[in-house]
Amino acid sequence: MSDRGYRRPRPLSPLREHLRDTFWFAPTAGFVSVFVLWLVASEVDDAIVAFLRREEAYDELETLVSLAQDTKTIVTQISSAMLTFIGVVFSISLVAVQMASGQLTPRVVRIFVRSRISKATLTVFLATFLFSLLVLASYESETDPRRVISVPLLQSLLTLALVGVSLLLFVVYVSSTLRLMQVGPVVDRIARDSFRVLRRMPRGPEGSEGLGALTGQVMYEGRAGVLRDVNTARLVRVARRQGIVLRLIPRIGDFVVPGTPMFAVHGGAVPPRHRLRSAVSVSVERTLHQDLAFGLRQLTDIALRALSTSVNDPTTAVQCLDRIVQFLSVVVRLPLGTVHHRDRAGKVRLVQEGPGWEDLVDLAFEEIRWCVAGSPQVSRRLLAGLDDLLLLAPEERKQPLVRHRALLVQVVERTVPVAADREFALLPDRQGIG
């Protein structure tokens, strides 16, 4: 079997992805960094005082003591105000996130959690607060330049610099949070994340040599949850050393429970379980790290909520359809479905099932099509999107699109009694109704 066209999977870093889904790692790293910065600045301040005392430059030292005492008042105010400022800012932000999740979908909360600007802002705010406390502890009550040991002048200047960075990040953070409450930026972010996943996804040839006889299965042991990612590079190494082919039975995004099959083993003995256990990550919810269909799931959820009778916002649904059609237009000619991961010798070692073209089309249009009754704006945009995809799709991938188009026409004909209204609702329009 030729290896042409196969793109080897990049070395995955589940730890990095898991840390991006947490909100504690960045502040913790910030605490450590600011403590090291304070130690360095304290040593520099002590070295400056020691040098001036050796040179008997007591006038200059007295000036430094005076400046430090003046900045002490500012540092004290910063220390007392920063923690209150942090609480107010993030309370407002949590309200904004709650409103966005209620209006769009709860899945948008992950955008806030993974946002680099959110973590950077919280980290700098807390680092400024901690640094100001450390600086206050460095001040001495002694003001006699002949007896003073340490003058935290550099530390005070660094505190002011951190305050400046905090104010700058505050402006950027507020702007970013406000964008989270807008439909356009949210669906654009979901689409960009989906394309990023698509670029990382390994792709291989449509066919593959036989896997060999089924020689065993590996059952899942662990807590029940969603299969969020697998370390394909590690699994390929395990299979190569064992001389076998592993087949991942559940797809990324499937809910797995203990005792169900996780791997099928072909062509040899079952590898030790401890080698496979750490290569599979199960969590409480799906993530876009390796889940190609999760972006479409989020866009569909937003569109469905917009089409519900309680919201009734077809324009939001049209915005979601714009991105859905954009995504499908990119993957329409790409190899989908089963991926065969190979070792360095080009031999298949891991087989992983993924969503096929028909799966993605059904996910994109099935549920939305059920909700288009009474919304000509959405039916017109959906028809235009299907027609555009039919122009782009190769012949073997047109059938699901044709089926959804025919079913959409049937829905409109069945639910719209007036002929003129039916004709209007079935007129393709990329803007819905302008």
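Helix H7 (183-200) gives the largest share of the lining of the largest pocket, 9 residues. The model is predicted: local features need pLDDT of at least 70, side-chain atom pairs count only at pLDDT 80 or more, and totals for chains, interfaces and linings use all residues. Residues are numbered from 1 along each chain as its sequence is written, and side-chain values use heavy atoms, without hydrogens and water.

The pocket has a volume of about 540 Å³. A pocket is an open set of points on a 1 Å grid where a 1.4 Å probe fits, with protein on both sides within 12 Å along at least five of seven lines; lining residues have an atom within 4 Å of a point. Among its 27 lining residues, Ile111, Ser115, Arg189, Arg192 and Asp193 are the closest to the centre. The lining comprises 8 nonpolar, 6 polar and 13 charged residues (Asp, Glu, Lys and Arg count as charged; Ala, Val, Leu, Ile, Met, Phe, Trp, Tyr, Cys and Pro as nonpolar; the others, Gly among them, as polar).

Helices H3 (residues 58-103) and H6 (residues 153-180) pack at about 15 degrees, with axes 9 Å apart. H3 is therefore roughly parallel to H6 (angles under 35 degrees). Their contact holds 17 nonpolar, 5 polar and no charged residues.

An unreviewed UniProt entry lists residues 21-41, 74-99, 120-139 and 151-174 as "transmembrane region". Two of these spans are tabulated with values from the model.

| Span | Helix | Strand | End C-alpha distance |
|---|---|---|---|
| Residues 21-41 | 81% helix | 0% strand | 33 Å |
| Residues 120-139 | 95% helix | 0% strand | 29 Å |

Terms used
Axes fitted to C-alpha atoms, helices over the stretch in contact; angles between N-to-C directions. Helix = DSSP H or I, 4+ residues; strand = E, 2+ residues; numbered from the N terminus. Parallel < 35°, antiparallel > 145°, perpendicular 65-115°, else oblique. UniProt positions renumbered as here; feature names shortened; annotations may be inferred. Points joined across faces, edges and corners; volume = space filled by probe spheres on them.
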